[in-house]
Amino acid sequence: MRRVGLRKGLTDIDSARIAEAMDQVRDRSKATLHDRLHRVRMAGGLAVQAGLAAALSYLVSHRLLGNPQPVFAPISAVGTLAASVGQRFRRTVELIIGVAIGVAIGDGLIYLLDTGAWQLGLVVTVAILVTIFAGASVAIVIQAAATAVLIVTLSPSTENLEIPRFVDAFVGGGIALLVTAILLPLNPLRVINRAARPALDLLAAQLDLTAEGLRNRDQRSVQRALDRLRNNKEELATLAEAIEGAKETATLSPARWHRRDELTHYAEAADPIDRAMRNSGTLIRRSVTLLEDEEPVPEPMPDSVAHLAESVRLLKHEFAVGDEPQQARERSLRAVSEAGRAYAEGVGFSGSVVIAQVRTTASDLLVASGIEQEEANRLIRQSFGEQEAPQGGGPEPEGAPKPPTAPPVG
């Protein structure tokens with residue numbers, strides 16, 4: 001019966017759905033490969049730093065300090081560099097404190113109880129409870145427990161382990177900071193640019209997809225954009241971590257001190273970019289509802305969203321080359337101007353929310369570009385213009401409150 005129906009010209013709905021699903025799989029595979037290559041590029045500098053720090057730690061501990069088994073120094077160096085970027089100095093201090101606590105607890109209990117399986121379990125338990133009671137961080141708790149384990153398990157075969165373990169913590173952590181700050185400091189702006197690219201590309205791509213979906217009244221396309229933007233925590237976390245790491249590098253490395261002003265600008269841009277992400281999510285979500293409810297979509301509305309996407313791309317480019325983001329600002333205001341035209345032509349309830357979110361997101365992008373919030377709001381109001389109430393909603397019932405002359409800037 002199905003084959004007969006298809007021969008008579010009926011639409012094969014299943015084939016269309018399968019084709020759409022396969023397109024999504026291909027797009028996802030490409031995105032996954034791109035993401036993996038980007039992660040490799042992001043981690044390349046860290047990998048070289050870790051290798052250099054491990055080698056130098058081994059040489060210093062073995063050749064200069066005479067440690068016949070310099071295991072802990074390279075481990076400490078790699079552990080410091082593996083910490084969240086921007087927290088390496090703090091991690092070095094935590095590493096040393098944790099080692100000191102672990103050595104003290106391990107030695108004390110070995111002296112009282114000797115060594116063995118149950119003694120090992122007791123030492124680890126006590127080390128964790130003591131550090132937690134003292135209000136230590138997770139890193140200190142882990143280091144104290146790990147050091148206590150090493151003391152208990154290696155002390156019977158290795159004499160005088162405590163001092164080398166403590167010294168190695170200093171050596172490894174110190175050399176890791178030396179590599180980060182002096183020998184091989186990464187370019188902080190390059191690190192931030194690489195980290196910002198996925199977040200800004202994601203935002204621009206989903207705004208583009210939303211604009212096209214509004215233009216074609218394609219609800220599924222807009223829904224895909226919403227689903228993808230909701231999963232943006234990794235990109236935002238990477239950007240925030242990169243900014244903290246760059247600030248640390250610029251603080252510790254004399255070769256990067258001249259970058260402090262530029263890094264301050266990036267740090268101030270992180271919060272408004274995060275807000276732009278969230279407000280764009282509201283914009284896209286209400287666009288889905290707008291299409292579900294079959295509200296009018298004035299021609300300037302998709303254009304305003306597309307201008308927002310282009311503003312994000314321009315902001316990314318101008319940040320990367322170090323230019324004043326004038327083009328990004330101009331495109332944000334153009335998005336608001338188009339939103340004003342759309343509002344004047346007439347929108348429904350969800351449409352008015354979309355217009356309001358265009359204004360709010362544009363304001364966020366202006367602030368990210370370095371404009372003060374009050375000035376950004378003034379420019380938004382000026383570009384939007386004094387619009388009359390939308391014409392698409394039909395006559396107002398008697399006694400109903402009048403709509404605002406324009407959506408507010410959030």
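**Exercise 1.** How do the axes of helix α5 (residues 117-133) and helix α6 (residues 138-154) cross?

*Solution.* First, a word on the model: it is predicted, local features need pLDDT of at least 70, side-chain atom pairs count only at pLDDT 80 or more, and totals for chains, interfaces and linings use all residues. Residues are numbered from 1 along each chain as its sequence is written, and side-chain values use heavy atoms, with hydrogens and water left out.

Step 1: the two axes (lines fitted to C-alpha atoms over the stretch in contact, with angles from 0 to 180 degrees between N-to-C directions) come within 9 Å and cross at roughly 155 degrees.

Step 2: that makes α5 roughly antiparallel to α6 (the term is for angles over 145 degrees).

Step 3: now look at who meets whom, with contact meaning heavy atoms within 4.5 Å. Among the α5 residues are L120, V124 and I128, and the α6 side includes I140, A144 and V152. The residues of this contact split into 13 nonpolar, 2 polar and no charged.

**Exercise 2.** Is S57 buried or exposed?

*Solution.* Step 1: find S57 in helix α2, residues 13-64.

Step 2: check its relative accessibility, which is 0%, so S57 counts as buried (buried is under 20%, exposed over 50%, with a 1.4 Å probe and protein chains only).

Step 3: see what is around it. A polar atom of the S57 side chain lies 2.7 Å from the backbone oxygen of A53. Leaving out residues up to four places away in sequence, S57 touches A73, P74, A77, V171, G172 and I175.

Note on methods: Helices (H or I, at least four residues) and strands (E, at least two) are DSSP runs, numbered from the N terminus. A polar contact is a pair of N or O atoms within 3.5 Å; within protein, one must be able to donate a hydrogen and the other to accept it, and residues adjacent in sequence count only if both atoms are side-chain atoms. Angles under 35 degrees count as roughly parallel, over 145 as roughly antiparallel, 65 to 115 as roughly perpendicular and the rest as oblique. Ala, Val, Leu, Ile, Met, Phe, Trp, Tyr, Cys and Pro count as nonpolar, Asp, Glu, Lys and Arg as charged, and the others, Gly among them, as polar.
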